[in-house]
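Here is a short note to read beside the model. Please keep the structure open while going through the points.

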Amino acid sequence: MKFKAAIFDLDGVIVDTAKYHYLAWKRLAASYGFDFTEKDNERLKGVSRMASLEILLSIGNITLSEEEKISAAEKKNAWYLEYITKMTSDEILPGALNYLKVLKDNNILISLGSASKNAPLIIKRLGLEEYFDAIVDGYSVQKVKPDPEVFLVAAQRLNMKAEDCVVFEDAPAGIEAAIAANMQCVGIGDNEILSKADIVIPGLYAAEERVGIGQ
Ligand code: B16
Ligand code: MG
């Protein structure tokens, strides 16, 4: 694959924060008296915080006012922060650090393209700040994936054309966003679920061999 810049989704690509989102959402559901399962949590991957809350409330058949929704999302985020502030570089997913190093050594520009408003904090906790030329997070965009905005903003910040960028994504909505941005995309995870990606690999540990380094 030929590319001059690489844009990485965070959750599910560089680190597994889904498990912490799950624990925090489960706690919120319990406070309303219903159970939130791991299968339910799959529906929240790559989805913004408020949209995730709407899905959770519909599962529990709970109706809240706008004000109550904001305070519920704040409560969930405070619990989530309790978990992620304890994270260390040990939690970087296999091969991610090595691939970032290889890209840097080959002068490929690197950006984050995440829906998470906590993305900068997580990158810092993992000790990965020095690898990123740009960080585009949930605060940087108005529209969420599958809208291409997050990746287009990343390309803009790197001063790159869309066709020179490759996106690494684990969620179908993220793959759609990459395609809509007119970028190449690498799916991380299951071949069937991510079939619209140009290539699917099981994790970044396979990237150097299967995707290459940009030449
Ligand atoms: P926050 P990604 C996404 O991260 C998560 O996959 C999704 O589960 C979460 O709701 C979303 O970030 C917002 O996160 O509450 O921290 O703003 O996959 O786009 O890196
Ligand atoms: Mg993701």
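1. A salt bridge here is a side-chain nitrogen of Lys or Arg within 4 Å of a carboxyl oxygen of Asp or Glu. Between domain 1 and domain 2 the count is one salt bridge. Lys19 and Glu91 form a salt bridge through their side chains, at 4.0 Å from N to O.

2. Some ground rules. This is a predicted model, in which local features need pLDDT of at least 70 and side-chain atom pairs count only at pLDDT 80 or more, while totals for chains, interfaces and linings use all residues. Residues are numbered from 1 along each chain as its sequence is written, chains are lettered from A and ligands numbered from 1 in the order in which they are written, and side-chain values use heavy atoms, with hydrogens and water left out.

3. Domain layout. Domain 1 covers 5-15 + 89-210, and domain 2 covers 18-84; the bounds come from an automatic or database domain assignment. Their C-alpha centres are 24 Å apart. Ten residues from domain 1 and twelve residues from domain 2 make the contact (heavy atoms within 4.5 Å).

4. The interface. About 900 Å² is buried between the two domains, and carbon and sulfur atoms give 50% of that. Buried area is the accessible area (1.4 Å probe) that two parts lose on being put together, summed over both. On the domain 1 side, Asp11, Glu91 and Asn118 lose the most area to domain 2, together 42% of what that side buries.

5. Ligand 1. Which residues come nearest to ligand 1? Of the 18 residues around ligand 1 (a heavy atom within 4 Å), they are Val47, Ala115, Ser116, Lys117 and Asn118. An oxygen atom of ligand 1 lies 2.7 Å from an N or O atom in the side chain of Ser116. For a polar backbone atom of Leu44, the distance to an oxygen atom of ligand 1 is 2.9 Å.

Notes
A polar contact is a pair of N or O atoms within 3.5 Å; within protein, one must be able to donate a hydrogen and the other to accept it, and residues adjacent in sequence count only if both atoms are side-chain atoms.
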